[in-house]
Amino acid sequence: MNVREVVEQYTRAAQGGNINAMNVLGNLYYNGEVVDRNYRLAFKWYKAAAEGGDIDAMRNVAEMYHQGEGTRRSLNKAVEWFTRAADRDDGASLNALGYMYHQGDGVKRDHAKAIELYTRAAKAGSSEAMVNLAYICSHGEGAQKNMRQAFQWYERASAFNHPEALRNLALMTYNGQGTKQDIRKAYWLMTRAAKLHYDVAMLELAEMYYHGERRNLSRAMKWYMAVRECDNEELRAVAEEALREIEKASPLG
């Protein structure tokens with residue numbers, strides 16, 4: 001069976017009310033992997049599945065309304081569909097809705113509401129929500145600043161290998177913020193984040209090996225060279241400058 005026949009088969013099933021087929025078509029048209037990308041058709045099938053009660057489709061519809069993909073951008077509609085999925089305890093939708101209240105994006109800014117939604121999302125297993133709660137705790141937004149609690153939320157998110165959580169845990173552990181200072185553990189945490197190809201963590205690990213407590217020029221060069229391959233032009237420039245400086249001061253080749 002060729003690709004065209006597969007798509008036709010899913011289309012017939014979706015037209016017959018099969019929600020799974022609607023989602024498959026939405027994914028196919030959204031990603032454009034085996035058919036030409038078509039956000040309008042992706043939105044059409046996601047919305048059909050969402051109206052049939054599918055939680056993932058509700059979230060996808062909300063995101064497409066938020067971005068204006070395949071439909072006219074509508075923050076009100078995005079809030080509506082994120083809320084429908086959030087009412088079904090979808091962690092990603094709870095987090096997205098929390099972020100909208102946190103930033104005042106399409107709704108009136110409300111830190112208390114954001115914290116409530118983030119907390120529900122975290123309980124549903126959203127590591128992104130855990131990171132957002134940690135950020136709020138560390139900056140005292142909508143609540144009293146609490147570095148210990150921020151550390152605890154980052155720690156929970158790190159169990160999901162969340163790179164930003166690991167990086168922030170490393171920095172807090174290195175500086176003794178919200179926890180006891182532990183230089184060795186800080187290097188271990190930053191290494192975990194860097195190995196997830198998190199470019200900021202790769203650069204910071206290189207800097208730690210170049211300027212920090214456990215100086216190691218060969219490891220610093222290794223991570224600076226890894227940063228040189230990342231997409232962030234600003235980080236690449238920092239890495240290039242550091243490599244030139246190291247090679248000039250202490251050539252290893």
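Contact, in what follows, means heavy atoms within 4.5 Å. The model on display is predicted.

**Whole chain**

Begin with the protein chain in cartoon form. Its secondary structure amounts to 14 helices and zero strands. The radius of gyration is 23 Å, well over the 18 Å that the globule rule gives for 253 residues, so the chain is more spread out than a compact globule. Along the principal axes, the C-alpha trace spans about 70 × 50 × 30 Å.

Of the 253 residues, 44% are buried. Among contacts with a separation of 6 or more, 40% join residues 24 or more positions apart.

**Tyr 29 and the core**

Select Tyr 29 and Tyr 224, which have the most contacts inside the largest nonpolar core, a set of 83 residues. Helix α12, residues 199-211, gives the most to this core, with eight residues.

Now centre the view on Tyr 29. Which residues does Tyr 29 touch, leaving aside its neighbours within four places in sequence? The contacts comprise Val 7, Val 35, Asp 36, Arg 37, Asn 38, Tyr 39, Leu 41, Ala 42 and Trp 45.

**Helix α12**

Move to α12 itself. This helix has 13 residues and reaches 18 Å from its first C-alpha to its last, close to the 18 Å expected at 1.5 Å a residue. Display the side chains of Ala 201, Met 202, Leu 203, Glu 204, Leu 205, Ala 206, Met 208, Tyr 209 and Tyr 210, which are buried in α12. Against which helices do the buried residues of α12 pack? Their partners are α10 (163-175), α11 (183-195), α13 and α14.

**Loops around α12**

Step back to His 197, in the loop between α11 and α12. His 197 has a positive phi of about 65°, although it is not a glycine. Most residues other than glycine have a negative phi. With a relative accessible area of 67%, over the 50% cut-off, His 197 is exposed.

Then select Glu 229, in the loop between α13 (217-227) and α14 (233-249). Is Glu 229 buried or exposed? At 63% relative accessibility, Glu 229 counts as exposed.

Select Asp 89, in the loop between α5 (75-86) and α6. Asp 89 is a residue other than glycine with a positive phi, near 65°.

Continue to Ser 93, within helix α6, residues 91-103. Ser 93 counts as buried because its relative accessibility is 0%, under the 20% cut-off. Beyond its neighbours within four places in sequence, Ser 93 is in contact with Arg 59, Phe 82, Ala 85 and Ala 86.

**Cysteines**

Finish with Cys 137 and Cys 230. Cys 137 is buried, with a relative accessible area of 9%. Cys 230 is likewise buried, at 11%.

Definitions and conventions. Residues numbered from 1 in each chain as written. Predicted model: local features only at pLDDT ≥ 70, side-chain atom pairs only at ≥ 80, totals over all residues. Heavy atoms only, no water. Buried < 20%, exposed > 50% of the residue type's maximum accessible area, 1.4 Å probe, protein only. Core = buried A, V, L, I, M, F, W, Y, C linked by side-chain atoms within 4.5 Å. Helix = DSSP H or I, 4+ residues; strand = E, 2+ residues; numbered from the N terminus. Rg over C-alpha atoms; globule rule 2.2 N^0.38 Å. Expected span 1.5 Å × (residues − 1).
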